Amino acid sequence: MLEDLVDKISGKLISQLVIKDDLDTVYKRRPHSCPHCHSSEIVGIEVMGSFEDILLWECESCEDYFLKFDKVYTEKELQCAKGYWTNINDWGYCPKSQYN
Ligand SMILES: [Zn+2]
């Protein structure tokens with residue numbers, strides 16, 4: 001999961017998340033389909049402790065991540081999130097059918 005990577009990986013976080021070939025491709029708006037598996041199940045990912053909006057796109061089918069901003073900005077925001085911690089047990093249960 002993204003939260004685990006941000007918490008545990010040191011060094012360049014962005015290169016651990018986004019496939020290297022995609023690091024120069026920025027999708028300012030949600031891609032209509034995944035460049036890899038062509039699924040239309042693309043969601044925005046917000047990262048606690050970083051930019052207070054969608055920072056990355058994720059394909060829910062193949063779980064690849066894609067950039068919304070350039071790699072330098074995204075890396076800076078991910079590094080800002082490294083000091084944050086949360087307890088998943090405090091989040092409460094939300095059935096997937098109620099996701100928005
Ligand atoms: Zn995909």
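1. Basis of the note. The model is predicted: local features need pLDDT of at least 70, side-chain atom pairs count only at pLDDT 80 or more, and totals for chains, interfaces and linings use all residues. Residues are numbered from 1 along each chain as its sequence is written.

2. Overall organisation. The chain contains three helices and three strands, arranged along the sequence as α-α-β-β-β-α. Helices (H or I, at least four residues) and strands (E, at least two) are DSSP runs, numbered from the N terminus. Of the 100 residues, 17% count as buried. Among contacts between residues at least 6 apart in sequence, 53% join residues at least 24 apart; a contact requires C-beta atoms, placed from the backbone, to lie within 7 Å.

3. The sheet. The three strands form an open sheet in the order E1-E2-E3, with antiparallel pairing; two strands pair if DSSP finds at least two bridges between them. E1 and E3 stand at the edges, each with a single partner strand, so one side of each has no neighbour in the sheet. From one strand to the next, the twist averages 35°, where axes are lines fitted to C-alpha atoms (for helices, over the stretch in contact) and angles run from 0 to 180 degrees between N-to-C directions.

4. E1 and E2 run antiparallel and are joined by four bridges; Val43 has Glu58 in E2 as its bridge partner. Three bridges join E2 to E3, also an antiparallel pair, and here Leu56 has Leu67 in E3 as its bridge partner.

5. Positive phi values. Most residues other than glycine have a negative phi. Glu63 has a positive phi, near 60°, and lies in the loop between strand E2 (56-59) and strand E3 (65-67). These two strands form a hairpin with five residues between them, and Glu63 belongs to its turn. His38 also has a positive phi, near 70°. The position of His38 is in the loop between helix H2 (14-17) and strand E1 (42-45). His38 is exposed, since 11 other C-beta atoms lie within 10 Å.

6. The nonpolar core. The largest such core has twelve residues: Leu13, Ile14, Leu17, Val18, Val47, Leu55, Leu56, Trp57, Tyr65, Phe66, Leu67 and Leu78. H2, E2 and E3 are the elements that give two or more residues to this core, and the largest share, three residues, comes from E3. A nonpolar core is defined as a set of buried Ala, Val, Leu, Ile, Met, Phe, Trp, Tyr and Cys residues joined through C-beta atoms within 7 Å. In soluble globular proteins, nonpolar side chains tend to be buried together.

7. Phe66. This residue lies in strand E3 and counts as buried because it has 23 C-beta neighbours inside 10 Å. Leaving aside residues up to four places away in sequence, Phe66 touches Val18, Asp22, Tyr27, Pro31, Leu56 and Trp57. Phe66 and Thr25 are 41 residues apart in sequence, yet their C-alpha atoms are 7.8 Å apart in space.

Notes: A residue is buried if 20 or more other C-beta atoms lie within 10 Å of its own, exposed if 12 or fewer, and partly exposed in between; C-beta atoms are placed from the backbone. Two residues are in contact if their C-beta atoms, placed from the backbone, lie within 7 Å.
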